Amino acid sequence: SPAWFLAAPRCWGAAGWGTPSDGLCLTVAAGKVEVSMPPVVEVELGETARIECNFSIPGNVSYSIINWFYVSAQLAGKGGEQLVRAGAIDNTSYKGRLSVGRDNSLSISRVTVQDARPIVCQVEADDHGAGENRTELHVYKAPEAPEITANKGGVSVKSRDLPQIATCVSRNSFPPPNITWYKNREQLHMEENKVKISETVTRESSWLYTVSSSLFASVTREDRNSLFHCAVHYWLPGQQRVMESQNVSVNVFYPAEHVTLLVLPSPTLVKEGDNVQLVCKADGNPAPMFSFYKRELEDNWQDLSSLADANSGVLNLHDVNKSSSGLYKCQALDLDDMEQLEKDVELVVNYIEGVSVKMEPSSPLWEGDSVRLSCSANSPLALDFHWRDAKGKIVAEGKQLLLSNLTFETSSNFSCKVTAHKVPGLEKSKQVAVAVQGKPRIVSISSPLYVRQDEVVNLTCKAIAFPRPSVQWNINGTTHEYMENQHIASNLTVRVDHNLLQAGAMCRVTNALGTSEKHIQLLDHKVPESKGVIIVAIIVCILVVAVLGSVIYFLHKKGKIPCGRAGKQDITRPEARKDKIVVEVKSDKLSEEAGLLQGANGEKRPAADQVGQSDVHCPWPGLGLLRG
């Protein structure tokens with residue numbers, strides 16, 4: 001079984017036995033003992049590292065000693081420390097983490113970053129001497145996600161020194177990673193007076209590394225849209241990886257080169273009454289200070305800055321009119337270099353003014369007259385004219401409206417609406433009243449009116465006139481007047497007595513131009529009631545006769561009542577015509593004349609036989625009457 005002894009790490013070099021500081025020992029033949037080990041063993045932090053030590057001894061050697069050492073950086077050139085002593089574990093940082101397998105491999109569990117050092121395996125075999133070799137133990141720890149912070153104060157294109165763009169920090173990695181910078185996905189490299197990258201590496205108390213990298217670079221106005229990010233390059237066992245940060249942008253300060261002045265919402269469709277904004281914009285950052293002016297007479301400029309927001313560059317003009325038209329100017333002042341740019345724009349406020357309506361003739365109008373209405377207006381635009389009545393209905397197009405054969409009903413308010421089709425919403429209207437004068441005309445009364453004695457009734461009288469008339473009644477009662485579509489209506493509520501039933505009522509309508517009156521006839525309700533009964537009786541009789549005629553016609557069509565040309569038929573002998581239907585229609589006054597007529601031989605004959613105007617004979621006397 002192997003034994004463990006304290007010894008300084010040794011190896012066989014060109015000058016013989018020495019310490020690791022004399023040179024790298026890979027495979028050493030001490031006498032005839034050969035030791036081989038992997039050059040590098042890689043392991044992640046916290047995992048278990050397994051280091052193999054293979055050796056060969058010529059001959060039959062039954063006794064050998066294997067010693068494990070590690071090389072301390074503090075003891076470089078002075079020797080090292082033994083890991084394990086004679087089967088017992090010492091009080092080094094490896095306590096409780098070391099084990100040796102049956103294949104003589106050394107395992108280090110829960111690897112820490114302090115374990116990243118050379119490990120030496122030494123084999124001694126009796127008289128054959130000793131041999132040793134070493135393995136570099138590499139420990140890796142992936143960093144946290146990189147943190148990138150952009151310059152919050154912004155950078156200027158006129159900065160004399162390279163401004164700091166951003167800082168990237170990578171924390172808790174082992175070994176320390178490398179950081180690279182990118183702009184718009186393209187890597188940046190150190191370049192004099194253009195790009196500088198500074199880096200700081202800090203080993204924390206945990207032996208893990210924090211790397212901070214700062215990017216300094218010159219910028220132009222095009223960099224206002226540039227995106228910057230950093231990438232952290234780190235190692236894991238057997239591979240190299242990259243972790244990228246988020247993209248950041250910086251606020252780039254640059255002077256304005258161009259200024260624009262806009263009229264909103266539209267420079268060509270501004271009309272009186274609109275709210276207009278003059279918006280001044282400059283392509284500099286930060287935005288310059290804005291001032292507004294309007295040109296007055298003799299090329300003087302009125303300062304409107306008090307009405308504008310100097311920071312936003314917006315001048316608000318409320319409820320503009322014709323006088324708001326003119327030339328406006330915006331000045332943009334850059335406070336960094338005190339350079340000034342300006343831009344002007346012409347504001348045109350479209351308008352319609354002086355709308356008037358002329359009526360010919362202008363003298364008072366009477367029923368039957370004609371009148372011509374003419375509309376005019378002033379505007380720099382082409383105008384359209386529309387005539388509407390009081391209900392808003394279009395009655396004519398054009399500047400003139402001709403009204404012929406005027407009546408009281410024609411009296412109305414007409415309006416002339418003037419519009420400019422090139423500027424939506426620009427319109428003006430003028431209203432005129434067409435009044436037709438004349439004495440009152442009564443258009444309707446409640447006559448005749450059927451009433452009963454002592455009944456309370458409403459008498460109505462409706463008239464039209466201009467000037468507005470008044471309505472009087474020749475009897476006392478409760479009156480109520482109201483206007484309805486240019487008509488004046490009066491309702492009289494009165495109780496019917498004998499005198500009112502006999503004399504009726506009189507409605508008198510009067511204005512300054514004359515008087516009209518009409519009589520309302522009151523009729524006793526009993527008279528129309530008796531006449532109504534007679535009319536109903538007559539209608540019922542007519543309906544009965546019509547139904548009877550329809551039945552006879554139907555039977556005739558079915559062949560139940562024969563009519564032919566075979567000669568006269570005797571309808572008084574039922575024995576010979578038992579299969580025929582005999583119907584006799586009589587009246588109180590003309591029973592014999594409308595019934596059967598006497599023949600020459602004393603027999604009764606059909607009426608149709610006596611008439612002799614048709615060769616069609618029917619056995620029914622009543623059918624002839626119905627046909628007649």
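Visitor: Which class does asparagine 184 fall into: buried, partly exposed or exposed?
Guide: This is a predicted model, in which local features need pLDDT of at least 70, side-chain atom pairs count only at pLDDT 80 or more, and totals for chains, interfaces and linings use all residues. Residues are numbered from 1 along each chain as its sequence is written, and side-chain values use heavy atoms, with hydrogens and water left out. Buried means under 20% relative accessible area, exposed over 50%, and partly exposed in between (1.4 Å probe, protein chains only). Because its relative accessibility is 40%, asparagine 184 counts as partly exposed.

Visitor: What is the value of phi at asparagine 184?
Guide: Strands (E, at least two residues) and helices (H or I, at least four) are DSSP runs, numbered from the N terminus. Asparagine 184 sits in the loop between β19 and β20 (186-188). Its phi is positive, in a residue other than glycine, and lies near 55°.

Visitor: How many helices and strands does the protein have?
Guide: The protein has 628 residues, of which 37% are buried. Its elements number five helices and 52 strands.

Visitor: How many bridges join β14 to β15?
Guide: Strands count as paired if DSSP finds at least two bridges between them. Strand β14 (residues 118-124) has six of its seven residues buried, and it pairs in the antiparallel sense with β8 (residues 65-70) over six bridges. With β15 it forms a hairpin that has five residues between the strands. β14 and β15 (residues 130-140) run antiparallel, and the number of bridges joining them is seven.

Visitor: Why does valine 471 count as buried?
Guide: Valine 471 is found in strand β45 (residues 470-473). Leaving aside neighbours within four places in sequence, its contacts (heavy atoms within 4.5 Å) are Glu481, Ile488, Ser490, Cys507, Arg508 and Val509. In soluble globular proteins, nonpolar side chains tend to be buried together. Valine 471 counts as buried because its relative accessibility is 10%.

Visitor: Which residue does a cis peptide bond join to phenylalanine 174?
Guide: The bond has an omega of about -10°.

Visitor: What is the volume of the largest cavity?
Guide: On a 1 Å grid over the protein atoms alone, a cavity is a set of points where a 1.4 Å probe fits but cannot get out, and lining residues have an atom within 4 Å of a point. Points are joined across faces, edges and corners, and the volume is the space filled by probe spheres set on them. The search of the whole structure finds one cavity of 30 Å³ or more, and the lining of the largest cavity includes Pro255, Asp334 and Leu341. The volume of the largest cavity is about 50 Å³.

Key:
1 Å grid on protein atoms, 1.4 Å probe; cavity = no way out; pocket = protein on both sides within 12 Å on 5 of 7 lines; lining within 4 Å.
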